[in-house]
Amino acid sequence: MSILVQRSDVGEFRRRYRWMVLVILFGFLVLLGRLVHLQIIEGDLHRAQARKNIIGELSLATTRGVIRDAYGKVLAANRPSYNVYAVPEQVDMEKTWPRIVQLMALDDGEKEELTKKLTDARAAGGTRPSQQTLLRVDVDRDVVAALMTHEDDLRGIEVVPVPVRYYPHGELGAHLIGYMREIDPDTLARYEGRGYRAGDQLGAVGVERRWESYLRGQRGWRKVLRGINKRAAREDLEPKYLEEPRRLEPVPGRDVSLTVDIELERAIENSMRGQLAGAVVVVDVRTGRLLSAVSKPSFDPNVVSGGSGMRAVRDAFKRLYADPLRPTLDKTISAAYPPGSTFKPFAALAALADGLIHPNTQVQCRGGYEYGRRFFRCTGVHGTVNLHEAIVRSCNTYFYHVGESIHIDRLAKVGLDFGFGVKTGIGVNPEARGRMPTRAWYTRRYKGAFRGGFTLLAAIGQGAATVTALQLALAYGALANGGTLYQPQVVRSIETSDGTVVQEFPPRVRRMVSVSDDQLARVKAGLTGVVVEREGTAFHETLPGTDMAGKTGTAQVSHVTPRGVDPEKVWYFNRDHAWFAGYAPARSPEIAFVVLVEHGGAGGKNAVPIGSRLVREWEKLKEKRASARASARRQPPKKGDKGAPDGAR
Amino acid sequence: MARGDRISFRGGTQIDMPLLLAIVAVATLGVVNLYSATSVYVDAGKRAALADIYVSQVYWFVVGGLLAMLIAAIDYRHLERLAYFFYVGGIVSLGLVFVLGADIRGSSRWIQIGSFTFQPSEFIKILIVLVVAKYLHDDPKTEPRTLLDLAPAAGLVGLPVVLVMAQPDLGTSLVYLLTAASMLAMTKVRAASVATLVIAGAAAIPLAWKYVLRDYQKNRITSFLDPEHDKTGIGWHAFQSRTAIGNGGLTGEGFMQGTQNQFGFVPDQYSDFPFAVFAEDWGLLGSVLLLATYCFVCIWAVHVASQSKDRFGAAVAVGVGSMFFWHTIFNVGMAVGILPVVGITLPLFSYGGSSVVTMLMGLGLLMSVSMRR
């Protein structure tokens with residue numbers, strides 16, 4: 001590189017080289033500065049972003065607790081439902097689609113509808129052709145199997161399992177057990193922090209709703225590594241990038257065991273076959289536990305819980321709400337009716353306690369009772385009746401006589417003592433309070449014009465007083481057990497999913513009603529007479545040999561036609577409600593029951609057969625279970641079975 | 001430079017060892033980085049085609065290396081005589097792109113021959129270096145040049161620029177302009193002419209914006225100027241690239257350990273953003289080393305030019321050096337987020353036969369000049 005070889009004309013460039021080197025150095029220094037800025041000064045920020053990019057959280061689903069009856073029969077469980085989706089743009093309408101139609105066994109109407117849906121989606125702009133389109137919810141297992149088998153040939157078709165609540169007994173006890181619904185935005189906002197997400201199901205009514213927080217369980221989560229490309233999960237890298245804890249196991253929901261006996265429930269349902277609408281409640285008089293609650297007509301919780309798709313749910317509710325028989329109303333708890341003559345035992349107790357009547361007090365019944373300028377009618381001409389006969393034959397005249405001498409507030413007081421007019425605190429479903437009208441109430445209602453006739457009507461259970469079937473059953477339970485008013489119970493225990501009992505609910509006494517044993521015995525003798533004496537209002541309709549006591553009732557209905565009822569059917573809605581309330585067995589009562597046949601007409605004729613059958617079925621079940629227990633005791637488990645896992649679960 | 005550093009070649013020429021070592025170093029790092037960049041496509045034993053492109057890249061290095069050796073062996077002064085001949089051939093092939101061009105991602109840049117596609121616009125870069133060098137060689141003025149004096153050179157560069165813009169390929173035409181401008185910057189130009197050029201250039205920007213640039217090109221520039229505005233498309237790419245580089249920190253995540261790349265967040269990691277992969281794997285230390293090597297090659301080219309025996313050699317050395325320089329600055333600049341994403345490759349790092357072979361041919365030219373100082 002001697003100067004000699006340089007040509008003179010290169011000299012023009014010479015002065016530029018230093019500048020060029022400076023420009024090069026400047027350029028690279030700028031890059032260097034920027035690198036220091038990104039990698040050192042902002043390094044942590046970018047590292048955090050890079051980690052955020054690859055770390056995702058996968059939600060781990062929990063399973064909702066199972067609801068069982070008192071004997072372990074499953075009332076509500078979960079099953080997978082399979083929904084079929086299609087990605088419209090991926091489906092080959094020429095080749096694949098006809099196969100799908102065939103495999104899914106679509107009928108012509110469905111085929112046409114879905115073909116249109118898909119072609120429309122394919123033709124639509126934007127992202128719609130690439131979005132999953134629902135073809136059908138809850139397809140049969142056979143179809144699922146067929147679709148899975150041919151999965152490779154069916155591009156664009158996806159089968160997605162979704163857990164769905166399943167009620168094996170369908171309509172039976174649906175009001176009490178409840179059903180599920182999708183969480184709405186309002187509730188979602190209100191339940192913030194409880195782990196709900198849009199699209200979650202939650203208990204809508206009944207036990208499902210009341211015990212939601214127990215049944216629901218808790219979602220878990222798992223941190224995962226995720227990339228932009230769909231690649232095999234890099235689980236090998238998880239320990240490197242994911243901080244502990246990397247996983248939170250989901251907590252399955254608690255199982256709930258009810259006090260209800262579903263077999264008894266079914267028996268009652270069967271004995272109510274002939275009736276359109278009504279309610280039956282059975283409680284254990286020794287504990288206040290609810291053994292059965294039937295509200296008729298019912299509905300299928302499987303349909304309204306969404307297992308068969310949103311459209312089915314909407315249609316079902318539309319139908320249910322339009323029905324004048326009000327299938328969605330829980331008539332055992334949420335509706336109050338005038339008690340009719342079933343109230344007479346309580347009126348009698350009030351009068352006896354106050355000394356207004358004596359068991360031997362005799363009243364002349366000539367088919368009615370004259371009071372002031374009005375004539376209050378009786379159900380018949382009973383002649384001379386004492387208390388016992390008055391109860392047995394349900395003589396109104398006798399109780400008009402009681403009503404004339406008693407203060408209406410006394411009747412209300414005794415009613416309240418037996419739990420009428422106050423919520424029982426069962427906790428499931430919105431509870432009707434019912435009404436035990438006092439003088440103050442009448443004064444307010446009728447602008448100060450209280451009339452003695454109100455008390456007369458109150459004594460026979462007519463007028464403004466209303467009770468729920470549940471209240472009445474518990475009150476009869478109190479009559480049966482000697483005056484203990486229990487708090488009704490639906491849930492017996494809460495268990496973990498492996499069967500460990502976490503919480504048990506012992507019976508709770510609400511109040512001891514102060515009644516003299518002698519007076520109570522008089523009234524109860526009357527109730528037994530209703531069933532066993534030839535004169536008794538329940539005698540003729542009772543199955544021979546049924547060991548029970550009770551009181552019939554016929555509650556007058558105010559003649560108001562419900563909306564939307566066909567005029568031809570109005571007569572039905574003007575018919576009286578038929579009651580039969582009682583307990584069994586008559587001597588040492590175990591259960592108390594109430595039968596209400598809405599618009600059933602006379603209690604004796606329509607409600608008693610159901611009550612009588614109910615008691616029969618209950619006896620049978622009791623016997624069956626006793627013999628099953630006995631035979632289980634007779635055959636002790638073999639030695640080999642000792643260590644075997646509990647196969648029954 | 002001490003005599004012992006040079007290996008004797010026939011006719012007294014000697015291989016420029018520092019340049020050769022620098023090239024081999026960059027090329028090796030380039031292939032290694034490409035392996036890391038595309039390892040993301042290795043999936044559960046099944047290797048996707050892209051995971052093997054580092055092998056093709058090695059082939060291209062072999063082809064380009066042989067061509068470079070051939071070019072280095074030829075005295076560059078022969079090329080001076082043939083420059084216009086090559087240039088015409090290049091322009092014809094550029095025209096053919098519009099006739100035969102394979103349309104890839106919305107622009108026709110490639111000509112397909114058999115199973116190979118090649119990109120004439122890449123090779124034109126060499127021809128522009130040669131043709132501008134010849135212009136400078138043939139016009140050894142010593143007084144400051146006027147615009148009229150520069151007109152032939154402007155015409156020679158302008159024609160391919162127009163053709164490439166029509167493909168459309170903003171990045172390549174930018175390289176043409178910057179390379180030629182860098183070469184012409186070696187001469188004296190009258191101050192008034194420089195001023196006129198600057199004013200004309202400024203006036204041309206709005207016009208170019210309105211009539212020349214395509215929407216997607218404008219989009220790249222707006223998203224660069226306003227990164228918050230566009231977090232989805234090209235802005236998202238730039239954002240993830242910056243995140244990858246920042247994630248590298250001082251010492252890097254380690255070879256094939258960069259999460260941004262391994263989990264697919266670095267966009268176009270084998271063509272536009274290989275530097276992001278490198279910086280994430282090797283951190284600031286590795287990046288500085290790499291940039292220092294690039295910087296060395298650029299400065300070395302100026303050094304070679306300064307020692308060249310004639311104007312043509314000096315101009316070629318500066319041309320190759322500036323081509324190398326602008327490629328590096330633009331590519332790394334867009335990876336680190338200080339320049340808009342215009343699709344200029346990183347020399348010897350980005351995957352692509354045409355790019356690699358062109359760069360090696362250019363470096364062969366530089367070597368040829370260096371060997372004959």
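Predicted model: local features only at pLDDT ≥ 70, side-chain atom pairs only at ≥ 80, totals over all residues.
Reader: How far apart in space are B:Gly343 and B:Asp169?

Author: The two residues are 174 residues apart in sequence, while their C-alpha atoms are 8.4 Å apart in space. B:Gly343 belongs to the loop between helix H12 (311-336) and helix H13 (353-371) of chain B, and with a relative accessible area of 24% it is partly exposed. When neighbours within four places in sequence are left aside, B:Gly343 is in contact with B:Arg220, B:Asp272 and B:Met334.

Reader: Turning to chain A, what holds strands together in a sheet, and in what order do the strands S1, S8 and S9 of chain A stand?

Author: Strands of a sheet pair through backbone hydrogen bonds, and the pairing is either parallel or antiparallel. In chain A, an open sheet of three strands has the order S1-S8-S9, and its pairing is antiparallel. Strand S1 (55-60) and strand S9 (247-248) stand at the edges with a single partner strand each, so one side of each has no neighbour in the sheet. Between S1(A) and strand S8 (residues 220-225) of chain A there are six bridges, and A:Glu57 has A:Lys223 in S8(A) as its bridge partner. Helix H2 (residues 43-54) of chain A lies across S1 and S8 of that chain, running at about 35° to S1(A).

Reader: How many residues lie between S14(A) and S15(A) in their hairpin?

Author: There are two residues between these strands, and A:Gly372 in the turn has a positive phi of about 60°. Strand S14 (residues 368-371) and strand S15 (residues 374-377) of chain A are antiparallel and pair over four bridges, with A:Tyr369 standing opposite A:Phe376 in S15(A).

Reader: Why is strand S23 (residues 591-597) of chain A described as largely enclosed?

Author: Seven of its seven residues are buried, so the rest of the structure largely encloses S23(A). Both faces are covered, with A:Ile591, A:Phe593, A:Val595 and A:Val597 buried on one side and A:Ala592, A:Val594 and A:Leu596 buried on the other. Strand S11 (residues 278-284) of chain A pairs with S23(A) in the antiparallel sense over seven bridges, and strand S22 (residues 577-584) of chain A also pairs with S23(A) in the antiparallel sense over seven bridges. A:Leu596 stands opposite A:Ala279, and A:Leu596 is also the bridge partner of A:Trp579. S22(A) and S23(A) are joined by a hairpin through six residues.

Reader: At what angle do helix H16 (residues 396-405) and helix H19 (residues 452-459) of chain A pack?

Author: Their angle is about 135°, with the axes 8 Å apart. These helices are therefore oblique to each other, and H16(A) passes H19(A) in a right-handed crossing. H16(A) contributes A:Phe399, A:Tyr400, A:Gly403 and A:Glu404 to the contact, while H19(A) contributes A:Thr455, A:Leu456 and A:Ala459. The contact residues divide into four nonpolar, two polar and one charged.

Key:
Residues numbered from 1 in each chain as written. Chains lettered and ligands numbered in written order. Heavy atoms only, no water. Axes fitted to C-alpha atoms, helices over the stretch in contact; angles between N-to-C directions. Parallel < 35°, antiparallel > 145°, perpendicular 65-115°, else oblique. Left-handed = near helix turned anticlockwise from the far one by under 90°. Contact = heavy atoms within 4.5 Å. Nonpolar A, V, L, I, M, F, W, Y, C, P; charged D, E, K, R; others polar. Pairing = 2+ DSSP bridges. Buried < 20%, exposed > 50% of the residue type's maximum accessible area, 1.4 Å probe, protein only.
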